[in-house]
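User: Hi! Could you walk me through the pockets and the packing in this one?
Analyst: Happy to, let's take a look together.

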Amino acid sequence: MALFDLPLPELRAYRSASGEPEDFDAFWTKTLDEARAHDLDARFEPVPTGLSTVDVHDVTFAGFGGHPVKGWLVLPAGAEEPLPLVVEFLGYGGGRGLPHTHLLWASAGFAHFVMDTRGQGSGWSAGSTPDPVGSAPSYPGFLTRGIEDPYEYYYRRVFTDAVRAVEAARSHPLTDAARTAAVGASQGGGIALAAAGLVPDLSAVAPDVPFLCDFPRATTLTDREPYREVGHYLKTHRGRSEQAARTLAYFDGVHFAARGRAPALFSVALEDQTCPPSTVFAAFNAYAHADKQIEVYDFNDHEGGGPFQEAARLRWLPQRLTT
């Protein structure tokens with residue numbers, strides 16, 4: 001599909017109409033305090049992979065509700081001193097997969113922590129983390145699970161897991177907590193933005209074509225999944241639009257971006273119908289830190305910059321993590 005959203009000059013000025021809940025900060029403070037009442041219990045088990053350039057640990061830590069969450073820690077082989085840390089979050093439907101699919105950041109000399117996403121991992125890559133929390137009736141997928149109440153919403157658990165993942169990764173003796181970045185694409189980019197708003201001392205954030213941003217526009221502009229899950233839910237559950245919007249406001253990347261305290265590198269694709277460009281610019285334009293950049297891919301859909309954006313991150317991130 002050709003360009004379907006606002007022209008680029010208007011995108012650069014666009015601001016979301018998403019209303020921030022008055023108790024947004026109190027909600028997240030309470031949520032994280034409850035999570036931290038559980039011992040982090042981060043465990044790192046070396047695993048044989050047949051790879052000679054990296055050392056890999058199978059990680060388990062306590063996320064939301066003390067539930068066990070899995071991850072991989074991938075280190076350059078033979079590392080002896082603490083390394084700058086890249087914490088990566090994954091796209092919608094995918095899980096942590098196998099270690100040999102996560103070689104980029106360790107190859108560049110970083111410690112690389114990959115968080116599994118609870119309940120996901122049966123789409124494009126396998127996961128290992130169940131979500132033991134049920135929800136009221138929802139449309140198939142994850143976007144409407146618990147949408148009746150922000151305290152029951154699925155992404156409350158995921159975003160809390162993300163904060164605990166940063167804490168778990170930083171607890172390893174070969175990671176440098178003072179040099180930590182959060183990265184991800186699509187859903188992973190949305191989770192990275194949540195981490196940017198909830199972890200005050202990150203060194204850098206790199207959300208690529210981020211999902212979970214500007215819900216009021218996203219859920220009405222595109223008919224592509226996953227945002228369309230909300231429309232399908234409300235088509236059946238008539239009269240619940242206001243309640244759904246209230247819940248989603250606590251999880252909107254625009255509001256986390258407004259609390260971003262680290263330099264940021266975004267990317268956006270102007271033909272992206274999955275995460276429409278205006279929703280990405282909504283988060284970028286709201287992002288609080290002055291050191292922010294956005295790479296624009298004019299004729300791309302949700303694949304965004306792909307390997308070109310990986311190269312952009314490899315140029316950008318070391319400047320923020322090696323000083």
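**Pockets, cores and cysteines**

Analyst: To start with the largest pocket, H11 gives the most to its lining, with 3 residues. Helices (H or I, at least four residues) and strands (E, at least two) are DSSP runs, numbered from the N terminus. This is a predicted model, where local features need pLDDT of at least 70 and side-chain atom pairs count only at pLDDT 80 or more, while totals for chains, interfaces and linings use all residues. Residues are numbered from 1 along each chain as its sequence is written, and side-chain values use heavy atoms, with hydrogens and water left out.

User: Which elements each supply at least two residues of that lining?
Analyst: They are strand E4 (83-89), helix H3 (104-107), strand E6 (175-185) and helix H11 (307-321).

User: And which residues lie nearest the centre of the largest pocket?
Analyst: Glu-88, Trp-124, Ala-185, Glu-310 and Arg-313, out of 30 lining residues. A pocket here is an open set of points on a 1 Å grid over the protein atoms alone, where a 1.4 Å probe fits, with protein on both sides within 12 Å along at least five of seven lines; lining residues have an atom within 4 Å of a point.

User: How much space lies in the largest pocket?
Analyst: About 620 Å³, the volume being the space filled by probe spheres set on the points, which are joined across faces, edges and corners.

User: What about the second largest pocket, how much space is there?
Analyst: About 240 Å³. Its lining has 16 residues, and Phe-215, Pro-216, Thr-219, Ala-245 and Leu-248 lie nearest the centre. Helix H6 (215-221), helix H7 (228-236) and helix H8 (241-249) each give two or more residues to that lining, with the largest share, 5 residues, from H8.

User: Switching topic: which residues touch the most other members in the largest nonpolar core?
Analyst: Phe-89, Phe-113, Tyr-155 and Phe-159, in a core of 77 residues. Helix H4 (residues 154-170) gives the most to this core, with 10 residues. A nonpolar core is a set of buried Ala, Val, Leu, Ile, Met, Phe, Trp, Tyr and Cys residues joined through side-chain atoms within 4.5 Å, and buried means under 20% relative accessible area (1.4 Å probe, protein chains only).

User: Last one: how many disulfides?
Analyst: The count is 0 disulfides, a disulfide being a pair of cysteine sulfur atoms within 2.5 Å.

Conventions:
Buried < 20%, exposed > 50% of the residue type's maximum accessible area, 1.4 Å probe, protein only.
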